[in-house]
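You asked for notes on this structure. They follow below as numbered points.

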Amino acid sequence: MLSRLRSDIQCILDRDPAARSTWEVITCYPGLHAIWWHIPAHWCWTHNLKWLGRFTSHIGRWLTGIEIHPGAVIGERVFIDHGMGVVIGETAVVGDGCTIYHGVTLGGTSLYKGSKRHPTLGKNVVVSAGAKVLGGFEVGDDAKIGSNAVVIKPVPAGATAVGIPARIIPSKKGESADVTEMGEQTSSAKPQKAPQQAFTAYGVTQEDDPVSQAMKGLAEGAATHEQQLQQLWTAVEKLSAQLKADCVPCESERGGHFEKSKIDQILGK
């Protein structure tokens with residue numbers, strides 16, 4: 001238990017540049033307090049003390065502004081930054097090393113009791129401010145959810161989800177399997193584990209903007225077409241010069257020349 005508490009404190013010192021000391025983290029970080037309140041609440045829930053677990057989580061919600069259902073499974077080194085307005089549902093699973101920002105909802109879309117209604121986050125997932133992850137699907141290891149994104153389908157490992165509804169941007173490393181329109185994996189091969197990357201605050205970098213990436217692709221395509229057209233014109237000019245050089249002797253041998261008067265006569269001018 002003590003090692004768990006130390007790791008929870010250390011992960012905040014590692015990921016938040018505003019954290020200046022261990023004492024500051026212990027006393028001034030509601031995300032850490034919410035996780036510590038969740039530990040006894042989850043113990044009560046799993047030992048059939050349902051009401052006591054709910055009441056304990058309710059106290060934690062009142063003190064921190066973070067609502068974690070006692071049935072949710074929270075891994076180690078989970079950092080809930082700022083935290084106000086975070087909601088984590090009953091069947092949600094948050095993997096080790098995840099980072100969750102304020103206003104995030106790990107919610108469910110099903111009303112069937114006992115079913116898997118809430119998402120499962122893999123290891124080292126970053127869920128940015130205001131994002132909503134809704135449904136009983138999986139978000140792969142090292143994935144990133146952009147701010148205010150609404151995710152309603154699985155996210156492959158290492159990929160980024162942005163937009164409403166969220167669009168999936170595959171990992172540039174190519175470790176993710178292909179994804180269908182509904183987000184199901186179509187590749188039978190198991191994706192290789194991605195190398196550990198540096199932590200990116202709020203999860204999204206400039207390279208993850210799908211609009212800018214589309215514009216970049218269009219610009220690169222236009223440049224390629226322009227280069228091909230230039231090469232084509234160069235080849236046409238060379239061929240035209242060669243044909244002109246070959247046709248001049250032929251005209252001199254025939255002694256032919258262009259007579260405008262005959263053309264005018266034929267046209268009745």
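1. Thr-120 first. The model is a predicted one. Thr-120 belongs to strand S8, which covers residues 120-121. Its side chain makes a polar contact with the side chain of Lys-116, at 2.9 Å. Setting aside neighbours within four places in sequence, Thr-120 is in contact with Val-93, Phe-137, Glu-138 and Val-139.

2. Overall make-up. The protein chain has six helices and 15 strands. It holds 269 residues, of which 36% count as buried. Taking contacts between residues at least 6 apart in sequence, 37% join residues at least 24 apart.

3. Length of helix H3. This helix runs over residues 30-46, which makes 17 residues. Just after H3, Asn-48 takes a positive phi of about 65 degrees.

4. Packing of H3. Which residues of H3 are buried? They are Gly-31, Leu-32, Ala-34, Ile-35, His-38, Ala-41, Cys-44 and Trp-45. On the helical side, these buried residues pack against H1 (2-15), H2 (22-28) and H4 (50-64). They also pack against three strands, namely S1 (67-68), S2 (73-74) and S3 (79-80).

5. Trp-45 and its charged neighbour. Trp-45 is among the buried residues of H3. The charged end of Lys-50 sits over the ring of Trp-45, 4.3 Å from the ring centre.

6. The open sheet. Six strands form it, in the order S3-S6-S9-S12-S14-S15, and the pairing is mixed. S3 and S15 (167-169) stand at the edges with a single partner strand each, so one side of each has no neighbour in the sheet. S3 is also one of the elements that the buried residues of H3 pack against.

7. In what sense do S6 and S9 pair, parallel or antiparallel? Strand S6 (residues 99-100) and strand S9 (residues 126-127) pair in the parallel sense, over two bridges. Ile-100 stands opposite Val-127 in S9.

8. Aromatic pairs. The count comes to two. Tyr-29 and Phe-79 form a tilted pair, with 6.5 Å centre to centre and 45 degrees between the planes. This pair links distant parts of the chain: Tyr-29 is in the loop between H2 and H3, Phe-79 is in strand S3, and the two are 50 residues apart. With buried meaning under 20% relative accessible area, Tyr-29 counts as buried because its relative accessibility is 10%. Phe-79 counts as buried too, at 2%.

9. The other aromatic pair. Trp-51 and Phe-55 are stacked, with 5.1 Å centre to centre and 10 degrees between the planes. Both lie in helix H4, four residues apart, which is about one turn of the helix. Are these residues buried or exposed? Trp-51 is exposed, with a relative accessible area of 62%, whereas Phe-55 is partly exposed, at 40%.

10. Points to check against the display. For the rings, look at the tilted pair of Tyr-29 and Phe-79 and at the stacked pair of Trp-51 and Phe-55.

Methods: Residues are numbered from 1 along each chain as its sequence is written. This is a predicted model: local features need pLDDT of at least 70, side-chain atom pairs count only at pLDDT 80 or more; totals for chains, interfaces and linings use all residues. Side-chain values use heavy atoms; hydrogens and water are left out. The expected span of a helix is 1.5 Å times one less than its number of residues. Buried means under 20% relative accessible area, exposed over 50%, partly exposed in between (1.4 Å probe, protein chains only). Contact means heavy atoms within 4.5 Å. A polar contact is a pair of N or O atoms within 3.5 Å; within protein, one must be able to donate a hydrogen and the other to accept it, and residues adjacent in sequence count only if both atoms are side-chain atoms. Two strands pair if DSSP finds at least two bridges between them. Rings of Phe, Tyr and Trp (its six-membered ring) pair if their centres lie within 6.5 Å; planes under 30 degrees apart count as stacked, over 60 as edge-to-face and the rest as tilted. A charge sits over a ring if NZ of Lys or CZ of Arg is within 6 Å of the ring centre and within 35 degrees of the ring normal.
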